[in-house]
Structures are given as C-alpha cells and as structure tokens.
Amino acid sequence: MDDPKTTPEPGHEKAEQASRIFEASRSFGITPEQYMLPAQQQIRMLDAQGTLVPVEQQGTGPGHEYPIPEDEVLLKAYAALVAGRRINDQNYALVRQGRLAVYPSSHGQEACQVGAALCLEPGDWMFPTYRDTVSVISRGVDPLEVMVSFRGDWHCGYDPKEHRVGAMSTPLTTQLLHAVGVAHAAKLRGEDSVVLAMCGDGATSEGDFHEALNFAAVFEVPVVFFVQNNGYAISVPLSSQSAAPSLAHKAIGYGLAGEQVDGNDMVAVLATLRRAVHLARENSMPLLVEAVTYRMQAHTNADDETRYRDREEVEQWKRKDPLLRMQTFLTSEGILDDDAAGRITDAAEKVASSLRQAMTAEPAENPLEIFDHVYTAPTAQLLAQRAQLDDELQRATTTEGAQ
Amino acid sequence: MSTITATSTTTFASALNTAMSDAMEADESVVVFGEDVGTLGGVFRITDGLTKRFGANRCFDTPLAESGIAGTAVGMAINGMRPVIEMQFDAFAFPALEQIFSHIAKMANRTRGRVRLPIVIRIPYGGGVGGVEHHCDSSEAYYAHTAGLKVFTPATAADAYLMLREAIDTDDPVVFFEPKKLYWSKAPEDLSTLRQTYESDSAHSRQIGAQGQAVVVREGTDVSIISYGPSVATAVKAAEAAAEDGISAEVLDMRSLVPFDEAGLIRTVEKTGRAVVVAEAQGFVSVASEITARIQERCFHSLASPVLRVTGFDIPYPAPKLEEHHLPDVDRILDALDEMQWED
Ligand SMILES: Cc1ncc(C[n+]2csc(CCOP(=O)(O)OP(=O)(O)O)c2C)c(N)n1
Ligand SMILES: [Mg+2]
C-alpha cells in the first residue's frame with residue numbers, strides 16, 4: 001500500500017528528508033510522532049517520599065529510556081544540591097541585609113539547577129538565565145564571580161569563554177539563539193560540543209523561543225533546550241501563558257523531540273538530561289526537556305507573592321522538596337552515609353561563608369572603566385567623557401581632602 | 001593611475017560582493033547568512049556567487065526570522081566566527097532590534113571586553129528606488145543612538161569595498177548601511193587595485209579607524225554641506241549648482257556615524273563658517289540633529305549663520321509615488337543656502 005507521506009509534493013520534499021528525527025525514531029522502532037511527543041507521563045524515578053518508583057511507572061519506554069546514573073554521579077549531584085540550597089538561602093539573606101541588589105532565587109528548583117550542570121562535559125556550553133546562579137556555580141564558576149552582577153556591578157563577573165557559560169542577562173529567551181549559534185559554529189568546525197539552553201515557562205511565549213527551536217532543528221545542531229516550568233512568570237501562572245498540553249509538546253511542531261520530567265526528582269532530571277545530551281551529541285540534533293518544578297520563594301526580593309498565590313499551594317510543594325527526596329533515596333540505598341553527609345554540609349557551609357565575606361567587603365571599583373570596553377578602542381566622544389568623569393572624580397577627592 | 005578602461009569600472013554592488021568574497025578568502029571564520037543570500041545571491045544580488053564559491057557552510061540561507069539571524073550571529077561570534085548577516089530591507093531589521101540593542105551592542109561591555117562580537121549587520125537602506133512601504137526607511141539614528149555599535153555608510157564604490165572589509169575585520173559590531181539607490185551606480189574603480197591597497201597595508205587603508213574619518217569630497221570656502229550615504233551625491237550636485245551662483249560650497253561625507261569624526265566636522269565648519277546638514281531620514285531627533293548640535297557646541301564662534309538641516313519630513317516614508325516630495329533634493333538644499341545669512 002502506498003504511504004501518502006512517502007510521496008511529498010514537488011518542491012516540498014526537504015522538511016521530511018532532512019530530518020534526523022526520522023532516522024532516530026526508526027532506530028528506536030517507533031514512529032517519528034511517538035519519538036517527538038513526550039512520554040504519556042512525566043519521567044519520574046523517585047516518588048515524593050524519595051522511594052524508587054517501579055520501572056513500569058517511571059514513564060519510560062522505547063525511545064524514552066533514561067538509565068539511572070551511577071552512584072558516584074548521584075552523590076555528586078546530592079552534594080551540589082546541598083550547596084545549591086545553601087547558596088540560595090545565603091543570597092536571600094544577603095539581599096535582606098542590603099548586601100546584594102537583587103537575587104532571583106532557585107530555592108525549590110535545585111534539582112534542575114544541578115542537573116543542568118552535571119549533564120554536560122567540560123567542552124560543552126551552557127546558556128543560563130538570571131535564575132540559574134546555582135547551575136553556573138555547579139558548572140564550576142567561582143560563586144564570587146557569579147554574584148558580581150547581582151551585587152550591582154555593571155559587568156557579568158566571569159569569563160564566558162573560559163567556562164563555556166553564557167553571560168547571565170535578563171532579556172527573556174534571547175540566550176537560546178546564542179546557544180544555537182554557538183552550536184552551529186562548533187558544528188561547522190566539526191566539533192561535537194553540546195549546548196544546553198535554559199529558560200523558564202513564561203519565556204516560552206517569547207518569539208525568540210520559537211525562532212531558536214526552529215533554527216536549531218533546521219540547522220541540525222546539538223542544543224538541549226531546558227525549560228524549568230516553575231508555574232509562574234512573576235505573577236502570571238502557566239495557564240495564562242500556554243494552551244499546549246505541556247511545554248514539552250511544543251517540540252514536535254519544530255521537528256524535535258520533547259520530554260517532560262519531574263523537576264523535583266534529582267535522579268529523573270539528571271537521567272533525562274544526560275540522555276538528551278547524549279542523543280543530541282550522537283545525532284547532532286536538538287531536543288527539548290521540560291522540568292516541572294516550583295519556585296518556593298518570591299520572583300525576586302522586589303516581588304510580593306501573596307498577591308497571586310496562597311500559602312497552601314506553596315506548602316503542597318514543600319512536600320516534594322528535591323533535597324529531602326534525594327537524601328532519603330541515597331540514604332536508603334546506602335550511597336550516602338553520615339560521614340559523607342557531614343562532609344557535604346561542611347563544604348556547602350564554606351561556600352556560604354565565602355559569599356558572606358565577599359559580599360560584605362566593598363569592592364574597589366574604577367568608575368573610569370565604564371568607558372573602556374564599549375569598543376575595542378574608545379571613540380573620541382568616549383575619551384572626552386572619560387576625561388570629564390576623571391576630572392569630576394579628582395575634584396571630588398580634592399574637596400574631600402580640604403575638609 | 002592608468003587611464004580608465006571598461007574593465008576598471010565597478011558598481012557599488014560588485015564592490016560589496018567582492019569585499020565579502022575577499023574577506024571570506026582571507027579568513028575562514030567569516031561566514032555570511034540571512035534570507036535568500038544563498039542560492040539566490042540576495043534580493044539585491046549582493047551575495048551573488050558566495051555559496052557557489054565557498055560552499056553552503058560559509059554562505060547560507062536561514063529560516064525567515066531576523067531575530068534568529070542576529071541571535072545566532074551572537075552565538076557564532078562567541079564561538080569564534082565572524083558573521084556577516086544581511087537584513088533584507090531596512091524595516092525588516094526591526095524584529096532583530098532586541099538582539100542588536102540588548103546583546104550585540106552590549107556583550108563586550110557586559111563581559112569587560114572578554115567577549116567581543118565581530119558581527120557585521122548589512123542593511124540596504126534609504127529610498128529613491130520606487131520601493132513600497134517598509135522598503136525605503138532610513139533607520140540609522142536608532143543604531144547610532146545605541147552605545148556599542150559602530151555605524152558605517154559608504155557613499156562611493158571604493159568606500160563600499162574598503163569600508164566593508166574594515167567592518168568585517170574590526171572586532172566591534174558594525175551596522176553597515178548600504179544606500180540601495182547606489183547599488184547599481186558605476187564608478188571608475190578597479191577592484192583589484194582596491195584589494196591590493198587594503199591587503200598590502202590594511203592599517204593604513206582603514207577608512208574609519210577608531211575615531212572616524214570624514215572626507216571632504218568637494219572643496220569650498222563659503223559653506224559646508226555635511227552629509228552621508230545616499231545624500232552625498234545630492235549634496236555634491238547642489239554644491240555644483242551653487243557654484244553657478246557664486247557660492248563656493250565644501251561637501252563633507254561623514255562615512256561613519258559611529259565613530260563620529262568630530263575633528264573633521266569642526267575643520268570644515270571653522271573653514272567656511274556656515275553649515276547645512278543633509279540626510280534622507282526624518283529630521284526630528286536624527287543624526288542630522290546630532291551633527292547640528294555638535295556644530296553649535298564646538299564651532300559657535302566661527303559661525304556666520306544659523307546651522308540648517310535639509311532632511312526628510314517627519315512622516316512615514318511616502319513611497320513610492322510621492323517620495324520625490326520627501327527626499328532632500330538639490331533645490332531644497334539651494335533653498336537652504338538662500339536662507340542662510342550671507343551679509344555680516
Ligand atoms: C523580554 C523580557 N520581557 C520581560 C522581562 C521581565 N521579566 C523578568 S523575569 C520575568 C518572568 C519570567 O518568567 P519565567 O520565564 O517563567 O522564568 P522564572 O522567572 O519563573 O524563572 C519577566 C516578565 C524580561 N526580563 N525580558
Ligand atoms: Mg517561571
């Protein structure tokens with residue numbers, strides 16, 4: 001029998017023939033649609049109490065298989081979770097003390113934060129949002145450098161090229177396109193680095209989300225789009241943001257595979273992301289992973305969450321806390337013992353105290369530097385303005401000295 | 001130089017095309033992409049033949065999305081490439097503005113100079129070609145207003161070649177405005193000579209450099225007509241007409257709006273004592289306004305007359321039937337000269 005899909009209209013062949021999806025789905029013995037659509041349920045390995053879910057209830061299946069990472073990796077993830085929670089809470093406190101200008105906390109989302117960093121190889125890239133401080137730190141960037149912009153400095157603090165981590169900034173989803181460009185450049189040079197591109201649920205409504213997914217699919221580049229669906233974009237709930245069955249479903253329209261995972265299940269997040277990164281690298285194609293999680297604190301210190309959600313809802317999510325679940329699981333499996341737990345807590349405490357110290361110190365800033373990097377060489381206008389500010393500063397010092 | 005023969009004539013368009021292919025030849029990291037730039041060679045054919053010559057990895061069509069084009073250029077530049085992207089028409093660059101303003105302009109500053117984005121954004125601009133709405137805008141002011149971008153606009157075929165090569169070679173992002181009215185204009189230039197000039201000593205053949213280098217394209221003593229891009233030719237014609245009335249007009253082509261050659265501007269105005277600024281873009285809050293303000297700030301004591309502007313009206317571009325009434329022309333420039341104060 002003739003399959004109508006195998007005889008495309010003249011001039012319309014390309015989309016089907018070029019798609020790597022067809023190859024990939026065939027290799028799993030399923031249809032492209034089955035491959036691209038998320039599994040029937042969220043991928044979940046640990047239940048809310050931290051007990052391992054039976055395999056047949058994990059949501060996995062052909063083409064949606066997610067092997068549980070090795071003990072060593074799980075332990076590392078746990079250490080990063082503990083540190084991440086500590087960093088979130090320390091920074092929250094620093095904002096209240098006026099030491100930080102702003103901090104978008106990922107308290108409650110730490111499993112996603114850690115998974116995003118641990119799924120990558122050193123040669124891979126990460127493009128985070130403003131809420132992904134813990135991911136950036138888990139990737140290995142010095143916490144003090146990461147916090148520079150939140151302290152109110154004019155620059156991003158760390159060297160994006162050295163760490164292969166995009167500069168955190170706020171224009172929503174614009175960084176997803178940067179991720180696609182980085183992957184495309186790597187592909188043209190024959191490198192196989194994968195790029196993880198992060199955004200929130202609200203951000204999926206932005207045009208650049210659409211353009212990035214489409215470009216990545218057409219260019220056939222290994223980008224893993226990682227959406228942390230924490231239920232809100234500031235005050236606006238997901239229901240006002242999208243009418244799709246899930247955000248993972250958005251993938252199919254662009255010709256890529258989407259998966260939805262329990263974002264508060266450290267094991268599942270890591271398993272899903274690791275597999276996505278692997279597939280992206282193997283097949284040079286993009287994938288989308290949506291992690292369903294919850295922002296336990298206000299959007300930032302400037303936000304009043306009581307205006308749009310009740311305590312009851314937050315309390316419900318407290319019972320799915322990613323940290324406790326992972327701790328229970330690792331302890332019951334004998335992967336985590338008291339010694340290790342103690343070491344992990346101490347290490348997290350060290351990071352927190354170094355943050356406290358660094359953010360309490362007044363940084364020695366050179367105001368004149370604001371002119372120095374705008375262009376490779378300052379223009380005549382900038383040189384004149386620099387001289388003006390220099391003069392103002394010197395006069396201010398002289399006046400101070402005279403008093 | 002030898003006498004001009006048929007082979008040493010070039011169009012503005014082929015100067016741009018050759019600049020890109022020479023840059024691609026010289027540096028493997030130069031890539032060209034945009035809408036229809038591959039097989040078709042661009043709607044204006046400026047990228048004609050690049051895919052054929054360098055392959056689809058070096059010159060390629062993208063999906064139809066300008067923010068996507070600019071945003072992926074950012075990523076490619078972060079990862080070692082020198083993207084030259086084409087916006088199909090002036091008004092169709094607007095979907096890319098967020099990427100251009102928020103990232104391309106600011107990345108070097110945000111990263112303390114660690115991540116420079118050597119991107120060239122080519123934009124065919126301006127009117128006078130009978131184009132319909134959205135195809136004739138002069139949008140240079142938006143970009144010139146944005147710190148971190150360089151903004152070039154050549155007015156001659158030689159500058160089209162040399163300035164585009166410089167734009168590709170500079171580590172700063174450059175918005176490169178191509179007056180589409182000039183694309184098919186011919187000039188007695190030999191591209192291989194220009195290539196040799198540029199490649200043998202590119203430091204000296206820099207047309208713009210760090211501080212900008214406006215050029216006096218016609219010497220004069222009574223008044224300076226200051227212009228750029230598509231209006232330079234009109235300014236020269238007006239100067240020639242004025243000469244018949246006994247007025248000696250100097251014409252300055254700014255060439256680069258950022259960096260802005262203030263020294264060159266001051267020089268001509270101090271010499272002549274009078275200035276008219278000519279540009280196609282609507283005049284309100286425009287580059288012409290900036291030039292006028294600078295003359296007032298820096299040359300006040302040399303001025304014998306108020307500085308005047310001859311620009312497009314403050315209306316949406318009235319293309320194509322009524323554009324002739326909108327664009328600055330010789331008569332309007334001559335009227336401005338008449339309006340100037342000539343007696344002491
Ligand atoms: C283009 C753009 N529009 C608006 C904003 C202001 N803004 C900052 S965060 C935010 C909500 C984003 O929500 P989501 O994508 O779900 O991420 P979350 O903050 O929940 O992590 C908004 C509207 C912005 N940063 N960028
Ligand atoms: Mg959200």
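How many helices and strands are there in chain A? Chain A holds 17 helices and seven strands, where helices (H or I, at least four residues) and strands (E, at least two) are DSSP runs numbered from the N terminus. The model is a predicted one, in which local features need pLDDT of at least 70 and side-chain atom pairs count only at pLDDT 80 or more, while totals for chains, interfaces and linings use all residues. Residues are numbered from 1 along each chain as its sequence is written, chains are lettered from A and ligands numbered from 1 in the order in which they are written, and side-chain values use heavy atoms, with hydrogens and water left out.

The overall form of chain A comes next. The radius of gyration of chain A is 23 Å, close to the 22 Å given by the globule rule for 403 residues, so chain A is as compact as a globular protein of that length. This radius is taken over C-alpha atoms, and the globule rule is 2.2 Å times the number of residues to the power 0.38. Along the principal axes, the C-alpha trace of chain A spans about 95 × 60 × 40 Å. Of its 403 residues, 54% count as buried; buried means under 20% relative accessible area, exposed over 50%, and partly exposed in between (1.4 Å probe, protein chains only). Among contacts in chain A between residues at least 6 apart in sequence, 72% join residues at least 24 apart, a contact being heavy atoms within 4.5 Å.

Chain B can be described in the same terms. Its secondary structure comes to 13 helices and 14 strands. A compact globule of 344 residues would have a radius of gyration near 20 Å, and chain B agrees with this at 20 Å. The C-alpha atoms of chain B fill a box of roughly 65 × 50 × 40 Å along the principal axes. Buried residues make up 61% of the 344 residues in chain B. Of the contacts in chain B with a separation of 6 or more, 81% are between residues 24 or more positions apart.

At the start of α15(A), a side-chain oxygen of A:Asp321 reaches to within 3.1 Å of the backbone nitrogen of A:Leu323. Just after α15(A), A:Gly334 takes a positive phi of about 75°.

In chain B, helix α11 (residues 287-299) can be read in a similar way. At 1.5 Å a residue, its 13 residues should span 18 Å, and its end C-alpha atoms are 18 Å apart, which agrees; the expected span is 1.5 Å times one less than the number of residues. The buried residues of α11(B) are B:Val287, B:Ala288, B:Ile291, B:Thr292, B:Arg294, B:Ile295 and B:Cys299. Seen down the axis of α11(B), they fall within an arc of 160°, so they line one face of the helix. At the start of α11(B), a side-chain oxygen of B:Ser286 comes to within 3.2 Å of the backbone nitrogen of B:Ala288. B:Arg294, located in α11 of chain B, is buried with a relative accessible area of 14%. Not counting residues up to four places away in sequence, B:Arg294 touches A:Gln381, B:Phe260, B:Glu262, B:Leu265 and B:Cys299.

The nonpolar cores complete the picture. A nonpolar core is a set of buried Ala, Val, Leu, Ile, Met, Phe, Trp, Tyr and Cys residues joined through side-chain atoms within 4.5 Å. Of the 86 residues in the largest core, A:Phe225, B:Tyr143 and B:Ile295 touch the most other members. A second, separate core of 77 residues includes A:Val73, A:Val165, A:Met198 and A:Met359.

Key:
Arc of directions from axis to C-beta. Polar contact = N/O pair within 3.5 Å; in protein donor to acceptor, adjacent residues only side chain to side chain.
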